[in-house]
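I set out to record what I looked up in this structure, entry by entry.

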Amino acid sequence: MKTLVFLLSGGIAGTMAMTLFLLLPRWLGWAHVDVIRAGGSLVVGPGNRSAYPVGMGLHIGMGIGFAFVYYGFLSLSSLPFNALTGLLLGSIHGVIAMLLVSILIMEHHPNSKYHNRGPATGLAQLGAHMVYGTIVGSIASLLR
């Protein structure tokens, strides 16, 4: 039960920080990074008003789920689950997400406004996943 609570807490906290990190470039006017709405519109269709809430729901659900995936992956190894191993997994996860976002969302999204977002989108994805992994690992390290 303790493991469930810590992983759930870590997933929620990590996802909140990751979300802020993903929204920061747009809020500061550096770039128009909108992967949450873009992901939601892949599910509900381009131009649908519910794209953002659907995307946010998917984002939160996956953020919680990946805390358990990280834990399961590290349980198979002799590595502890802490901030450093969380950062490592977040970095690997971020590179994979960068590639998937570039291919699925930026190049093949049905709404052409998501096709050309530039390197800020990929860098925001990488940084957000690194922050996520560090926070999830930090909270999970309290399990010891």
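How close do the axes of H1 and H5 come, and at what angle do they cross? I found that the two axes come within 8 Å and cross at roughly 155°. Axes are lines fitted to C-alpha atoms, for helices over the stretch in contact, and angles run from 0 to 180 degrees between N-to-C directions. H1 and H5 are therefore roughly antiparallel to each other (angles over 145 degrees count as such). I noted that their contact residues divide into 16 nonpolar, 8 polar and no charged (Ala, Val, Leu, Ile, Met, Phe, Trp, Tyr, Cys and Pro are nonpolar, Asp, Glu, Lys and Arg charged, the others, Gly among them, polar).

I recorded that this is a predicted model, in which local features need pLDDT of at least 70, side-chain atom pairs count only at pLDDT 80 or more, and totals for chains, interfaces and linings use all residues. Residues are numbered from 1 along each chain as its sequence is written, and side-chain values use heavy atoms, without hydrogens and water.

I looked up the confidence next: the chain has a mean pLDDT (the predictor's confidence in each residue, from 0 to 100) of 86, and 90% of its residues reach 70 or more. Helices are DSSP runs (H or I) of at least four residues, numbered from the N terminus.

Definitions and conventions:
Helices (H or I, at least four residues) and strands (E, at least two) are DSSP runs, numbered from the N terminus. Angles under 35 degrees count as roughly parallel, over 145 as roughly antiparallel, 65 to 115 as roughly perpendicular and the rest as oblique.
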